Each structure stands twice: as C-alpha cells, then as structure tokens.
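Biologist: I have a few quick questions about this one. Can we go through it piece by piece?

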Amino acid sequence: LFRQAISLDKNYADPLGNMGAAFHFENNFTEAIHYYELALAINPQLQTVQNNIVKARQSLTDQATPVK
C-alpha cells in the first residue's frame, strides 16, 4: 500500500516515512534509514521521522557492535 502511494506521488513524504517505519519494525535498519532520508529530503520538519531515523541509526550501530 505504501509503495502504491509512493508511486502515485514521489513528493509526498508521509508514505516514505511509513515505509521506513515498516522496515524499521522488521529490523531492516538500512532500508528504514533510506526511506527516512527520502522523507526528510521532502519534508525535514517531520518530527516522527527525525526521531525514528536517530533510533534506526543507533540500532544499526548496536547491531554492528560485537557483544563482549
């Protein structure tokens, strides 16, 4: 559904942010960050997306850090 919304209007940030959230929920942080960045490029004022990208980047860092 989000992909369909994106295909209809590539300049609408909300579905891009929602795609990011869907990937984030699946722990696919790289894809989540990609979609969050696309959303923020269109609308840098999206507070939820700003918060989510910080969390996704932290999760990606945590995922790459070996447990000691």
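Biologist: Where does histidine 24 sit?
Modeller: Histidine 24 is in helix H2. Helices here are DSSP runs of H or I with at least four residues, strands are E runs of at least two, and both are numbered from the N terminus.

Biologist: What kind of model is this, and how is it numbered?
Modeller: This is a predicted model, numbered from 1 along each chain as its sequence is written, with local features needing pLDDT of at least 70 and side-chain atom pairs counting only at pLDDT 80 or more. Totals for chains, interfaces and linings use all residues, and side-chain values use heavy atoms, with hydrogens and water left out.

Biologist: Back to histidine 24. Buried or exposed?
Modeller: Histidine 24 counts as buried, because its relative accessibility is 17%. Buried means under 20% relative accessible area, exposed means over 50%, and partly exposed is in between (1.4 Å probe, protein chains only).

Biologist: What is histidine 24 in contact with?
Modeller: Leaving aside neighbours within four places in sequence, the partners are Phe29, Ala32, Tyr36, Asn52, Lys55 and Ala56. Contact means heavy atoms within 4.5 Å.

Biologist: Which other residues of H2 are buried?
Modeller: Besides His24, the buried residues in H2 are Ala13, Pro15, Leu16, Gly17, Met19, Gly20 and Phe23.

Biologist: What span should H2 have, and how far apart are its ends?
Modeller: At 1.5 Å a residue, its 13 residues should span 18 Å. The end C-alpha atoms are 18 Å apart, so the two agree. The expected span is 1.5 Å times one less than the number of residues.

Biologist: What follows H2?
Modeller: Asparagine 27 follows H2. It lies in the loop between H2 and H3. Asparagine 27 has a positive phi of about 60°, although it is not a glycine.

Biologist: Let's zoom out. How many helices and strands are there?
Modeller: The protein has 4 helices and 0 strands. From the N terminus, the order is α-α-α-α.

Biologist: How many of the residues are buried?
Modeller: Of the 68 residues, 31% are buried.

Biologist: And the nonpolar core? Which residues have the most contacts inside it?
Modeller: Tyr36, Ala39, Leu46 and Val49 have the most contacts inside the largest nonpolar core, which has 15 residues. H2, H3 and H4 each give two or more residues to this core. H3 gives the most, with 7 residues. A nonpolar core is a set of buried Ala, Val, Leu, Ile, Met, Phe, Trp, Tyr and Cys residues joined through side-chain atoms within 4.5 Å.

Biologist: What does leucine 46 touch?
Modeller: Not counting residues up to four places away in sequence, leucine 46 touches Ala13, Asp14, Ala39 and Leu40.

Biologist: On to H4. Which of its residues are buried?
Modeller: Val49, Asn52, Ile53 and Ala56 are buried in H4. They cover an arc of only 105° around the axis, so they are on the same side of H4. The arc is taken from the directions from the helix axis to the C-beta atoms.

Biologist: What covers them, and what is on the face turned away?
Modeller: The cover includes helix H2 (13–25) and helix H3 (29–42). The face turned away from the buried side carries the exposed residues Val54 and Lys55.

Biologist: Which residues does alanine 56 contact?
Modeller: Leaving aside neighbours within four places in sequence, alanine 56 contacts His24, Phe29, Ile33 and Tyr36. Its relative accessible area is 0%, so alanine 56 is buried.

Biologist: And asparagine 52?
Modeller: With the neighbours within four places in sequence left aside, asparagine 52 is in contact with His24 and Tyr36. Asparagine 52 is buried, with a relative accessible area of 17%.

Biologist: Last topic. How many salt bridges does the structure hold?
Modeller: The structure holds 1 salt bridge. The side chains of glutamate 37 and arginine 57 meet in it (3.0 Å, N to O). Glutamate 37 lies in helix H3 and arginine 57 in helix H4, so the pair ties together parts that are 20 residues apart in sequence. A salt bridge is a side-chain nitrogen of Lys or Arg within 4 Å of a carboxyl oxygen of Asp or Glu.

Biologist: How accessible are glutamate 37 and arginine 57?
Modeller: Glutamate 37 counts as partly exposed, at 39% relative accessibility. Arginine 57 counts as partly exposed, at 41%.
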